[in-house]
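Here are my notes on the fold, as numbered points. Please read them with the model open.

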Amino acid sequence: MYITTNPEKKVLYVGMTNNLRVRILQHTENKGKPDSFAGKYYCYNLVYYEHFTHVDHAIAREKQVKKWRREKKVALIKSENPTWRFLNNEI
């Protein structure tokens, strides 16, 4: 499960993948493309992620976090990444 944001840190995207490096590259390649939420809103900067061994746990966590209000998502991000550093090059 991961969270990306746009360069201005105004929009959040919550997703789930089995290959975070590849998925972040896909988000980067799709930036500005209106056919996906992450592309349309330039959400290609990774600011938070969690690793799961079982895919069903990752899916459940993604669904849980997607339902949260922005304030709660921001608190989650800040708990591990208080400065909202872009983590793309660290994965």
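1. Terms first. Contact means heavy atoms within 4.5 Å. Helices (H or I, at least four residues) and strands (E, at least two) are DSSP runs, numbered from the N terminus. Buried means under 20% relative accessible area and exposed over 50%, with partly exposed in between (1.4 Å probe, protein chains only).

2. Basis. This is a predicted model, in which local features need pLDDT of at least 70, side-chain atom pairs count only at pLDDT 80 or more, and totals for chains, interfaces and linings use all residues. Residues are numbered from 1 along each chain as its sequence is written, and side-chain values use heavy atoms, with hydrogens and water left out.

3. The sheet. Three strands form an open sheet in the order E2-E1-E3, with antiparallel pairing. Two strands pair if DSSP finds at least two bridges between them. E2 and E3 are the edge strands, each with a single partner strand, so one side of each has no neighbour in the sheet. Neighbouring strands are turned by 25° against each other on average, direction ignored. Axes here are lines fitted to C-alpha atoms, for helices over the stretch in contact, and angles run from 0 to 180 degrees between N-to-C directions.

4. The E1/E3 pair. Strand E1 (residues 2-5) and E3 pair in the antiparallel sense over four bridges. Tyr-2 stands opposite Tyr-49 in E3. Thr-5 stands opposite Asn-45 in E3. E3 (residues 45-49) is mostly covered, with four of its five residues buried.

5. Helices on the sheet. H3 packs on the sheet and touches E1, E2 and E3; its direction makes about 155° with that of E2. H4 also packs on the sheet, touching E1, E2 and E3, but its direction makes about 75° with that of E2.

6. Helix H3. This helix (residues 55-67) has 13 residues. From first C-alpha to last, H3 reaches 19 Å, close to the 18 Å expected at 1.5 Å a residue. The expected span is 1.5 Å times one less than the number of residues. Ala-58, Arg-61, Glu-62 and Val-65 are buried in H3. They cover an arc of only 105° around the axis, which puts them on the same side of H3. The arc is that of the directions from the helix axis to the C-beta atoms. Lys-63 and Lys-67, on the other side of H3, are exposed. The cover over the buried residues of H3 includes E1, strand E2 (12-15), E3 and helix H4 (70-80).

7. Helix H1. Leu-20, Ile-24 and His-27 are the buried residues of H1 (residues 20-29). Their arc around the axis is only 55°, which puts them on the same side of H1. On the other side of H1, Arg-21, Leu-25 and Glu-29 are exposed. The buried residues of H1 pack against E1, E2, helix H2 (37-40) and E3.
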